[in-house]
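Hello,

Here is the structure I promised to pass on.

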Amino acid sequence: MQIWLDTIDFSLIRHARQLGLLAGVTTNPSILAAAKQPVESVLDALLDLQPGKLAVQVTCDDSASQLRQARRLAAKSDRIVIKIPAIGDGFQTMAALEREGIPTLATAIFESRQIVMAGLLGVHYAAPYLNRIEQAGRDAALLLQESQQILQRQGKRTLIMGAAVKSLEQFMQCARAGIGAVTLPADTYRQLFASTPDVDAALARFDSAWQANPFTARSALFLTE
């Protein structure tokens, strides 16, 4: 399962890159607006910071305008993936861009039929909003499983990218469903590395036993300097 980061926190992007975990970075209009910097400079920095892909969302509704924005973005780098809302003219836009060889990501997904349509159009990625689906009272885990099975049975290349992942359980739902990718906000990414009381207690017992024995506590093999 690919891990993308849904943030412009450069320190976290470096962390994931150094671990070899990072497949790419996703942005949206809210993230880029919050940067309070020229969009061009933010996108350049994100491309320079990591060797993976960078997903950037169009900001208009009609297909003609979406295509103009998408082509300008794609001309900037062949690592840019164009995010298109999976509604209305967005499907027409994604189909046209994929025919031109410009990779797309279907976003704003709340229903499995949107993922199925993305698969039929040959879209590269389809991103269901897991936390928002759950907040709406729907079963996000079932949507992932159902959609993944349909894409596999039909032999479609589209990778499901779990988005709006706000908890470790939602992250594990993605892993259990066997989907192709997940994009994590900063807080959720940090949770992957967090300790727990059980882990802390186990490590404390190890340390106590080690320090109680002068042969282990003074071992030259385990010096910290």
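I start with the second largest pocket. Helix α4 (63-76) is the top contributor to its lining, with four residues. At least two residues each also come from α2, α3 (39-49) and β3 (53-57). This pocket has a volume of about 270 Å³. Its lining counts 13 residues, and V39, L43, V56, Q57 and L73 sit closest to the centre. By class, that lining holds seven nonpolar, three polar and three charged residues. Keep in mind that the model is predicted.

Now the largest pocket. Its volume is about 360 Å³. A set of 21 residues lines it, with D6, N28, I31, R132 and A164 nearest the centre. Two or more lining residues come from each of α2 (29-34), β5 (104-109) and α7 (130-135). The lining splits into nine nonpolar, eight polar and four charged residues.

Last, the protein as a whole. It has 12 helices and eight strands. The C-alpha atoms fill a box of roughly 75 × 40 × 30 Å along the principal axes. Of the 225 residues, 47% are buried. Among contacts with a separation of 6 or more, 56% link residues 24 or more positions apart.

Best wishes

Methods:
Residues numbered from 1 in each chain as written. Predicted model: local features only at pLDDT ≥ 70, side-chain atom pairs only at ≥ 80, totals over all residues. Heavy atoms only, no water. 1 Å grid on protein atoms, 1.4 Å probe; cavity = no way out; pocket = protein on both sides within 12 Å on 5 of 7 lines; lining within 4 Å. Points joined across faces, edges and corners; volume = space filled by probe spheres on them. Nonpolar A, V, L, I, M, F, W, Y, C, P; charged D, E, K, R; others polar. Buried < 20%, exposed > 50% of the residue type's maximum accessible area, 1.4 Å probe, protein only. Contact = heavy atoms within 4.5 Å.
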